[in-house]
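Let's take a friendly walk through a protein together. Have a look at the sequence and the model below, and then read on.

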Amino acid sequence: MKNLITKAVAFTVLVITIISCSCAKQGAKEEVVDLDLPANPFITHLYGADPSAHVWADGRLYVYPSHDNDPPRGCDLMDGYHVFSTDDMVNWTDHGEFLHSRDVEWGRPEGGFMWAPDCAYRNGKYYFYFPHPSGTDWNNTWKVGIAVSDNPTNDFKVLGYLEGLGDAFSMIDPCVFIDDDGTPYFYYGGGGRCIGVKLKDNMTEIDGEVKAMTGLRDYHEGPWVFKNNGLYYFMYADNHQEPGVGGRNQLRYAVSNNPMGPWETKGIILGPTDCDTSHGSVVKYKGQWYLFYHDCSISHHGCLRSLCVDKLYFNEDGSIQTIKYPRK
């Protein structure tokens, strides 16, 4: 009898322990590492814009921006992608140029026009998506190129471009979002329209028909899709034509229960900076959300932009607090 009682007590303790561990796991909150931020802009040795930020499996945060060449002539001379990374948000490594228009066999003969890119990790490889025209008539010959590498910073080889996206007008600003179930989605668009479509598992072909993203108030360009607490967020640059602001873009956001919309516009993440354009990305790193964007506070020239970052905060209802620019 004594042995039976002892075994019963031990079993009860085991059950309680399992339940307690399970409850603790379900109720545990993700640890937030409150890292210091560098002064903005955080990259000062060259000009860059349209930062696409990602956290890869090595635990580092990587930023893939476009590159503004100095002296500028406009956005036509943008060329030569760099990638930057950090593990503490303060100290950044420039891994150098990893892709140039001269590497694109099907590209515009005159080069340039390497605009806002994005990068995704899938099947053990890094896929880099970049908009680039295929002809001298750049505005009507846009394509979204794809380069692939086994590592996130170099050795990217151009595979070709995404086919089936529709007409080439404003085929710019690619964004790739991979959902929790592993489904990859692709978005692009400028000039007031945005298109979304699923990608196949190979990340080089679309899966189904393209679809216009609806419900976006005053959409201009620069889509960025991310997810928080089961809700999909769509950030973009608007036209911001209200009097007194000079038409400088600001970053708005919309939400949806589906990564393909329809979307419901909610509010403003970042008001106008000192630059006419605005384009950014949102990423979670070590439990803290961040907004990456650009301004022109170093050059005071709209075609010589610089990379900036600020912490991003959500309210309990899922709305996003507007970031104050410039950060004090």
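This is a predicted model: local features need pLDDT of at least 70, side-chain atom pairs count only at pLDDT 80 or more; totals for chains, interfaces and linings use all residues.

**A sheet, some loops and the whole chain**

Strand β9 and strand β10, which covers residues 184–188, run antiparallel to each other and are joined by four bridges. Strands here are DSSP runs of E with at least two residues, helices are runs of H or I with at least four residues, and both are numbered from the N terminus. Two strands count as paired if DSSP finds at least two bridges between them.

Residues are numbered from 1 along each chain as its sequence is written, and side-chain values use heavy atoms, with hydrogens and water left out.

Now widen the view. The pair belongs to an open sheet of four strands in the order β9-β10-β11-β12, with antiparallel pairing. β9 (175–178) and β12 (206–212) are at the edges and have a single partner strand each, so one side of each has no neighbour in the sheet. From one strand to the next, the twist averages 20°; such angles run from 0 to 180 degrees between N-to-C directions, with axes fitted as lines to C-alpha atoms.

Next, the loops. Pro 41 sits in the loop between α1 (2–27) and β1 (47–55). Another cis bond leads from Gly 261 to Pro 262, with omega near 5°, and Pro 262 is in the loop between β15 (251–256) and β16 (264–270).

His 240, in the loop between β14 (231–238) and β15, has a positive phi near 45° though it is not a glycine. His 300 has a positive phi of about 60° and lies in the loop between β18 (288–295) and β19 (306–312). Is each one buried (under 20% relative accessible area) or exposed (over 50%), using a 1.4 Å probe and protein chains only? His 240 is buried at 6% relative accessibility, whereas His 300 is exposed at 65%.

Finally, step back to the whole protein. It has one helix and 19 strands, and 53% of its 328 residues count as buried. Its C-alpha atoms fill a box of roughly 90 × 45 × 40 Å along the principal axes.
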